[in-house]
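Subject: The model we talked about

Hi,

Here is the structure for you to open in your viewer.

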Amino acid sequence: MNLQSDNLELRIVTELNRTEACSVNGGIRMSDLTFQKIFWLFLLGSVLGVFVEGFWCLFRYGKWETHTVAMWGPFNIVYGIGVPMFYLGSILVAGAHWLRRFAAHALIGSLVEYLCGIVIRIGVQMKAWDYSDHTMNIRGLISPKMTLVWGFAGLGFNLFLYSPLRGLLSLVTGAFWDFVCVLLTVFMIINLSLTAACIIRWSNRHRGKSAANRLTKWIDEVYPDSKMARKFFYWSFIEPERTTQIDPSNSWNEEYL
């Protein structure tokens with residue numbers, strides 16, 4: 001009787017430990033949500049995004065274009081955000097019908113693209129892409145066409161990249177990789193902070209705002225408009241709409257009667 005009781009207690013303790021170590025909600029495991037793994041996915045996505053954009057331009061326009069969103073290094077942070085989101089989406093819909101996985105990734109891709117586009121528009125009054133010529137587009141940021149593209153891309157990620165990436169992430173663990181992760185995290189924080197400051201200053205210069213402190217003066221010297229225009233050649237400013245003022249002295253009656 002004591003043996004059976006001990007076995008029951010052992011099973012209960014084991015189950016409690018398993019539950020704590022592996023919080024399951026639609027297949028989500030806490031071990032897949034560590035900062036290190038998300039950061040490696042972000043870094044990988046940022047680099048791969050540059051090549052994805054480059055090959056797409058080569059296929060679509062016949063020329064290679066390097067679309068980076070960082071002052072230092074080949075990083076496109078829109079894809080850097082997208083890849084971890086696709087990874088988490090793959091966990092959420094694990095084992096689901098392929099149509100559900102397609103829909104989930106289409107929604108994730110469109111949401112990431114829309115939010116990033118809104119931040120750029122509101123933050124610096126610029127745009128890095130424009131789908132205004134797409135049917136049923138929303139402010140030129142997303143469209144049904146691109147939603148389908150993200151759905152297929154996410155489904156491909158889910159079917160062919162999720163498992164290899166999960167295996168790869170299991171290898172970059174331990175004290176050495178933790179140390180490397182910390183160093184690269186510090187580098188990316190500085191890199192992206194500088195990038196944001198340079199883009200904001202570029203936008204302010206375009207609108208006639210003069211440098212107000214040492215930092216902005218330094219940015220003006222090191223990263224002038226010419227350099228920013230070469231770096232972000234695919235970005236464009238959103239000019240405010242001009243309204244026509246009606247001259248009350250030139251009324252319709254006076255002009256036509």
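Accessible areas here come from the Shrake-Rupley method with a 1.4 Å probe, and for residues only the protein chains shown count as cover. On that basis the accessible surface of the protein comes to about 16,500 Å², with 66% of it belonging to carbon and sulfur atoms.

A word on conventions. This is a predicted model, in which local features need pLDDT of at least 70 and side-chain atom pairs count only at pLDDT 80 or more, while totals for chains, interfaces and linings use all residues. Residues are numbered from 1 along each chain as its sequence is written, and side-chain values use heavy atoms, with hydrogens and water left out.

**Confidence**

pLDDT is the predictor's confidence in each residue, from 0 to 100. Its mean over the protein is 86, and 81% of the residues reach 70 or more. Where pLDDT is low, the predicted coordinates should not be read in detail.

**Overall fold**

Helices (H or I, at least four residues) and strands (E, at least two) are DSSP runs, numbered from the N terminus. By that count the protein has 9 helices and 2 strands, and along the sequence they follow the pattern α-α-α-α-β-α-α-α-α-β-α. Of the contacts between residues at least 6 apart in sequence, 68% join residues at least 24 apart. Buried residues make up 36% of the 257 residues; buried means under 20% relative accessible area, exposed means over 50%, and partly exposed lies in between (1.4 Å probe, protein chains only).

**The core**

In soluble globular proteins, nonpolar side chains tend to be buried together. A nonpolar core here is a set of buried Ala, Val, Leu, Ile, Met, Phe, Trp, Tyr and Cys residues joined through side-chain atoms within 4.5 Å. The largest one has 46 residues, and those with the most contacts inside it are Trp40, Tyr87, Met126, Met228, Phe232 and Trp235. Helices α2 (35-61), α3 (77-92), α4 (98-124), α5 (144-169) and α6 each supply at least two residues of this core, and α6 gives the most, with 7 residues. As for Met126, its contacts beyond four places in sequence include Ile199, Trp202, Trp235 and Phe237.

Which residues make the nonpolar surface patch? Trp72, Val182, Val186, Phe187 and Ile190 form it, over about 430 Å². Patches are made of residues with over 30% relative accessible area and no salt bridge: like charges are joined within 9 Å, and nonpolar side chains (Val, Leu, Ile, Met, Phe, Trp, Tyr) within 5 Å. Phe187 sits in helix α6 (residues 175-206) and is partly exposed, at a relative accessible area of 31%.

**Salt bridges**

Side chains of opposite charge can pair when their charged atoms come close. With a salt bridge taken as a side-chain nitrogen of Lys or Arg within 4 Å of a carboxyl oxygen of Asp or Glu, the structure holds 5.

- Lys63 and Glu65 meet at 3.7 Å, N to O; Lys63 is partly exposed at 47%, whereas Glu65 is buried at 14%.
- Lys127 and Asp130 meet at 3.0 Å, N to O; Lys127 is partly exposed, with a relative accessible area of 23%.
- Asp220 pairs with Arg205, the closest N and O atoms being 2.6 Å apart. Asp220 lies in helix α7 (residues 214-222) and Arg205 in helix α6, so the pair ties together parts that are 15 residues apart in sequence.

Arg205 counts as buried at 17% relative accessibility, while Asp220 is partly exposed at 22%. Both belong to a network of salt bridges that links Arg201, Arg205, Asp220 and Asp225.

**Loops around β1**

Asp130 is found in the loop between β1 (126-127) and α5, and is partly exposed at 35%. Its C-alpha is 6.1 Å from that of Leu141, 11 residues apart in sequence. Met136 is in the loop between β1 and α5 and has a positive phi near 60° although it is not a glycine; Met136 is exposed, at 67%. Gln125, in the loop between α4 and β1, also is a non-glycine residue with a positive phi, about 55°. Gln125 is partly exposed, at 31% relative accessibility.

Best wishes

How values were computed
Contact means heavy atoms within 4.5 Å.
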